[in-house]
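The following note sets out several points on the structure shown below. Comments are grouped by region.

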Amino acid sequence: MSEYWQNDNRSWSTDSLRYINMPAKQTQELFYFIQEIGHFKTYKPYFTERENLPSYLVVYTYNGEGTLYYNGQTYKLKQGDVFFIDCMNYQHYFTSSNEPWEMDWVHFYGSNTKKFYDYFMDNESNVFASTNIRISQIMTRLLDHQSDKNVKTDFEISLLLHELLNELIIQKNNIGYQKNEQIPNYLVEMRAFLDANVKENISLNQLELIYSINKYQLNKEFSRYMGMPPIEYHITNKMSYAKELLLYSNRSIKSVATEVGINNFPYFSKLFKKKIGISPSEYRKNI
């Protein structure tokens, strides 16, 4: 493992806040936990440059502007922008406006943060514009816990960090819709069609022909209302059906693969392990 290193300039205001935590071993094993957290107002030439830090970092911009260089991309950060990065990778961020770059930030780790991060990075961008105040509210509550700790604090922080991770994914991917907004009828019909044809192999091109809607628009709209693209939804249905057959039938694993419409047995095993986390044989044996 490469060594951690960091360069920085600490040009932040005197009323900025910074808390450094040393969580107990049990907390690190059981929960999401904060390593460092703060609220900064930073001035030029503030910057942080580092690599190989086992931590994840979320930064929410309130005012001013910052710049993030990460994974070969340069992002301009303005009011309402959020970035989420894995600090093992090289990162460089700095104040780029003449006015203070004001931000909430939290370094954290624990539990299955990496899986959340991998899901967050499905579209490869580490930065997005926050669509409501939920992220800033959660960050504020996390900060409030630093000055008012008690026996329940570790539990409450873990819950808030889990909530933060969910909110990052929901807002970045625009998951969900307004309360009074109706799901378009063609999407309801498409979902029913996919549910009823779990044994079939269905492509996005087929759906485009059936519903006479451009496949890219169809993909985007289905994801917005259903939480995932239609083909991923179809594959998830196949894997759920496969799990049911593995648990409650005496079919061979090869027969289960054929029943869910996947005749290539090695591909079925690989896909099952990718989606479920273990192979079909391990699932049948252990679950």
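1. Ser130 is buried, as its relative accessible area is 17% (buried means under 20% relative accessible area, exposed over 50%, partly exposed in between; 1.4 Å probe, protein chains only). This is a predicted model, in which local features need pLDDT of at least 70 and side-chain atom pairs count only at pLDDT 80 or more, while totals for chains, interfaces and linings use all residues. Residues are numbered from 1 along each chain as its sequence is written, and side-chain values use heavy atoms, with hydrogens and water left out.

2. Ser130 belongs to the loop between β11 (127-129) and α3 (134-146) (helices are DSSP runs of H or I, at least four residues, and strands of E, at least two, numbered from the N terminus). Contacts of Ser130, not counting residues up to four places away in sequence, are with Tyr60, Gly80, Val82, Ile135 and Gln171 (contact means heavy atoms within 4.5 Å).

3. The Ser130 side chain makes a polar contact with the side chain of Gln171 at 2.7 Å, and also reaches the backbone oxygen of Asn132 at 2.8 Å. A polar contact is a pair of N or O atoms within 3.5 Å; within protein, one must be able to donate a hydrogen and the other to accept it, and residues adjacent in sequence count only if both atoms are side-chain atoms.

4. Strands β6 (residues 66-70) and β7 (residues 73-77) pair in the antiparallel sense over five bridges (pairing requires at least two DSSP bridges). Tyr70 has Gln73 in β7 as its bridge partner. Two residues separate the strands of this hairpin, and Asn71 in the turn has a positive phi of about 50 degrees.
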